[in-house]
Amino acid sequence: LGVVIMEIVDSHMHLWTPETHHWLQKVRNGGHPAGKFEPVLTYLVDQYKNDITGYNITQCVHVEANWAGDPVGETKFIEDIAKSNPEGYPQAIVGHADLSADNLEDVFKRHCQSKRMRGIRQVLNHHPTKPIFSEQDHDNFLTDPKWLSGVALLEKYNLSLEMQVLPCQMKRSAEVAKKFPGVMFMVDHCGLPYERDEAKMKEWREGLTELSLYPNVYCKVSGMFATDPTWDQDSVTSVVKPCLEIFGVDRCVFASNFPVDRINGTFGQLINALSVVLQSYSEEEKQKFFASNAKRFYRL
């Protein structure tokens, strides 16, 4: 099977404009670990299709991206896009919610009016000393009883949770996964290994190992061009290989994280870099990694 004809499900992408996602203006010239967002300030289905030309992307999953205002507005925005392009991209939606909010159940109910709704993401990454790696202004959620009751409510609505955390938060994240065996969790972007010195990579590997103990946790293999803007094959391999070894190929899913990773590389470069890491894997295992695991997790 050639890479081009092989089916690919992209389990993490974003569509946005500076009008719908106001934060983009702040990072157009930098101030984000991935670099300058100027080239991807407006990213809609046409731009996405252009980027994936030549590859057999049958389905993709849209993940919330800090929409300005009521998070259900983003779900409606994406629903309209999905209904108006012939491929039906994106086929699944991960919406935003603050799991500690008083009106959480109302937000879930309104999100779930979309038949594409599959899960929730509330970014949790908070770095104690390096604000550039923080997308959350505190690190209390993972042990906050109110937030944890929000995690419990996910099960009632059959919603998964994207775990966007840093290595220093993984042990507490694993405790959450342990507490809620009925909720499916997805570790975003390989667990955001921004810091690549040996001590930090050891902490990252240990954190992933802890998370992998629970069968309700999967790992999204993405973000390699965002966590290392000057990436090369060795850099990609050093992040992807441990994910595959720790979680096993059955619980790893491919994602582009476009247009964030698009800032530092093309879709072809991403597939080629992953193909090098996967060269010793069977065709069946590659098919799981690139498509069927994501279909299972996101019910596609």
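## A loop residue with positive phi

L192 is found in the loop between β6 (185-187) and α6 (198-212); helices (H or I, at least four residues) and strands (E, at least two) are DSSP runs, numbered from the N terminus. Phi of L192 is near 50°, a positive value in a residue other than glycine. L192 counts as buried because its relative accessibility is 4%; buried means under 20% relative accessible area, exposed over 50%, and partly exposed in between (1.4 Å probe, protein chains only).

N158 also has a positive phi, near 55°, and is not a glycine. N158 sits in the loop between α4 (145-156) and β5 (160-163). With 47% relative accessibility, N158 counts as partly exposed. Most residues other than glycine have a negative phi, and most peptide bonds are trans.

## Basis of the model

This is a predicted model, in which local features need pLDDT of at least 70 and side-chain atom pairs count only at pLDDT 80 or more, while totals for chains, interfaces and linings use all residues. Residues are numbered from 1 along each chain as its sequence is written, and side-chain values use heavy atoms, with hydrogens and water left out.

## The whole protein

The protein has ten helices and eight strands. The C-alpha atoms fill a box of roughly 50 × 45 × 40 Å along the principal axes.

Of the 300 residues, 58% are buried. Among contacts (heavy atoms within 4.5 Å) between residues at least 6 apart in sequence, 79% join residues at least 24 apart. The accessible surface comes to about 12,000 Å², and 52% of this belongs to carbon and sulfur atoms; such areas come from the Shrake-Rupley method with a 1.4 Å probe.

Y89 is placed in the loop between α2 (71-83) and β3 (92-96). The relative accessible area of Y89 is 6%, so Y89 is buried. The side chain of Y89 reaches the backbone oxygen of I57 at 2.6 Å. Y89 and I78 are eleven residues apart in sequence, and their C-alpha atoms are 8.9 Å apart in space.

The peptide bond from Y89 to P90 is cis, with omega near -10°, and P90 lies in the loop between α2 and β3. A cis peptide bond also joins F258 and P259, with omega about 5°. P259 is in the loop between β8 (252-254) and α9 (267-277).

## K220 in a strand

K220 is in strand β7 (residues 217-221). Its relative accessibility is 0%, so K220 counts as buried. The side chains of K220 and E162 are joined by a polar contact of 2.8 Å. A polar contact is a pair of N or O atoms within 3.5 Å; within protein, one must be able to donate a hydrogen and the other to accept it, and residues adjacent in sequence count only if both atoms are side-chain atoms.

Leaving aside neighbours within four places in sequence, K220 is in contact with several residues, including S11, H12, E162, D188, H189 and Y298.
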